[in-house]
Amino acid sequence: MDFRAVTEQERIFLYNLLQKYLYEMTNYYGDDLDGEGNYPYPYFEAYFTDPTRQALFILEDGRIVGFILLNRYSVMDRNIDHSVAEFCVLPKERGRNVGLRAARTLFERYPGRWEIKYAANNFRAAYLWERAAEVYSPEKYTLPEGEEVLCFRSGQEGG
């Protein structure tokens, strides 16, 4: 499992993958299409201009199997090092623990204070994040909007 920064030349490729992911997320969020038939993502350009944001491809055996968008925005109003804005494993790669391995590798490679937010009714995401972070004894919060947040520090087992 590896990660690689998305290059400027791969920006449209990532945007197209993001659109497919956002379509899937309409199962959990009530997002609407814009006038061009896309799901708005107002922060997309910032992943190529803002040094506090990172767009990464998830790689397995050199193949792109997903993507991760990281930032430092805390919904819990905490001082954090990393927050997962979006995490996608391509559908054909699912069912082989790619997401779990990617998440665990991510926490190892990027030690620090983490925040992971997901829709409470997205049971696959809940399972993934709770299992990937369990070694760090995360604190779990439920937000009024029907979302859950895990807060923990990686690089130190037991939180």
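Trainee: Which ring does the charged end of R11 sit over?
Mentor: The ring of F48, with the charged end 5.1 Å from the ring centre. Sitting over a ring requires NZ of Lys or CZ of Arg within 6 Å of the ring centre and within 35 degrees of the ring normal. R53 has its charged end over the ring of Y47, 5.2 Å from the centre.

Trainee: What should I know about the model itself?
Mentor: This is a predicted model, where local features need pLDDT of at least 70, side-chain atom pairs count only at pLDDT 80 or more, and totals for chains, interfaces and linings use all residues. Residues are numbered from 1 along each chain as its sequence is written, and side-chain values use heavy atoms, leaving out hydrogens and water.

Trainee: OK, rings next. How many aromatic pairs are there in the whole structure?
Mentor: Eleven. Rings of Phe, Tyr and Trp (its six-membered ring) pair if their centres lie within 6.5 Å; planes under 30 degrees apart are stacked, over 60 edge-to-face, the rest tilted. Y15 and F44 are edge-to-face, at 5.2 Å centre to centre and 75° between the planes.

Trainee: Is F44 buried or exposed?
Mentor: Buried, with a relative accessible area of 5%, while Y15 is partly exposed at 22%. Buried means under 20% relative accessible area, exposed over 50%, partly exposed in between (1.4 Å probe, protein chains only).

Trainee: And what about Y136 and F152?
Mentor: Their ring centres are 5.5 Å apart with the planes at 10°, so that pair is stacked. Both Y136 and F152 are buried.

Trainee: Which residues do ring pairs link into a cluster?
Mentor: F87, F107, W114, W129, Y136 and F152.
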